[in-house]
Amino acid sequence: MYVLKITLLCAAAGLLLLSETSTAQSQPQTQDPARVAQEMAASRKLNEAKREATIAANVEFTMAEKSAFWPLYWEYRTQVGKIDDAYIRILDEYASKYQSMDNSTAERLTNAWLDTQLNRYKLKKRYIEQFVGAIPAAKALRVFQIENKLDQMIDAALGKQVPLSVPGN
């Protein structure tokens, strides 16, 4: 429990430090798209490594459970990555249009965002069932509690960085 608290506090502090430079109404700075893509890929890779380390430090697996769990977890995270890719595309479009958001675009982006959230929950439901087939239910629950806490921290940091839209037409 102590390791989880320390890990989560460190991750939260890191996210807050990264997001302190902007507020909900700040204007994004223009950056080189290739550099942004590189930084995003590096950040995602680091995030995945931290997730694995956090789970490994906070869920005690037997050797048999490790053999069954980790390949399934990596498969799950690959599927999460596809949903995250869709979410990033939505954020990219939003970033280019938030200063003058027309109703049609606002409705389309809102529905696309809701679809990513729905897909994320469907994926979790499908994989929790598979995890319970590979490891005890109590350990699967703990894995998803950790996953949810990490997701919430990322969502909070994003929420702080993404500016509010400015209604256009």
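## Overall make-up

Of the 169 residues in the protein, 28% are buried. Buried means under 20% relative accessible area, exposed means over 50%, and partly exposed lies in between (1.4 Å probe, protein chains only). This is a predicted model, in which local features need pLDDT of at least 70 and side-chain atom pairs count only at pLDDT 80 or more, while totals for chains, interfaces and linings use all residues. Residues are numbered from 1 along each chain as its sequence is written, and side-chain values use heavy atoms, with hydrogens and water left out.

The protein has five helices and zero strands. Its elements run α-α-α-α-α from the N terminus on. Helices (H or I, at least four residues) and strands (E, at least two) are DSSP runs, numbered from the N terminus. The accessible surface comes to about 10800 Å². Carbon and sulfur atoms hold 60% of that surface. Areas come from the Shrake-Rupley method with a 1.4 Å probe; for residues, only the protein chains shown count as cover.

Contact means heavy atoms within 4.5 Å. Among contacts with a separation of 6 or more, 79% join residues 24 or more positions apart.

## The largest nonpolar core

A nonpolar core is a set of buried Ala, Val, Leu, Ile, Met, Phe, Trp, Tyr and Cys residues joined through side-chain atoms within 4.5 Å. The largest one has 20 residues. Ile55, Phe61, Phe69, Tyr76 and Phe131 touch the most other members. Helix 3 (63-97), helix 4 (103-134) and helix 5 (137-161) each supply at least two residues of this core. Helix 3 gives the most, with seven residues.

Leaving out residues up to four places away in sequence, Tyr76 touches Leu123, Lys124, Tyr127, Phe131, Phe144 and Glu147.

Ile90 sits in helix 3. Ile90 counts as buried because its relative accessible area is 11%. Not counting residues up to four places away in sequence, Ile90 touches Leu109, Ala112, Trp113 and Thr116. Ile90 and Thr110 are 20 residues apart in sequence, and their C-alpha atoms are 9.1 Å apart in space.

## The second largest pocket

Ile90 also lines the second largest pocket. The volume is about 270 Å³.

By class, the lining has nine nonpolar, two polar and no charged residues. Ala, Val, Leu, Ile, Met, Phe, Trp, Tyr, Cys and Pro count as nonpolar, Asp, Glu, Lys and Arg as charged, and the others, Gly among them, as polar. A pocket is an open set of points on a 1 Å grid over the protein atoms alone, where a 1.4 Å probe fits, with protein on both sides within 12 Å along at least five of seven lines; lining residues have an atom within 4 Å of a point. Points are joined across faces, edges and corners, and a volume is the space filled by probe spheres set on them.

Thr105 lies in helix 4. Thr105 counts as buried because its relative accessibility is 8%. Beyond its neighbours within four places in sequence, Thr105 is in contact with Glu93 and Lys97.

Ile146 lies in helix 5. Its relative accessibility is 1%, so Ile146 counts as buried. Ile146 and Thr54 are 92 residues apart along the chain, with 7.8 Å between their C-alpha atoms.
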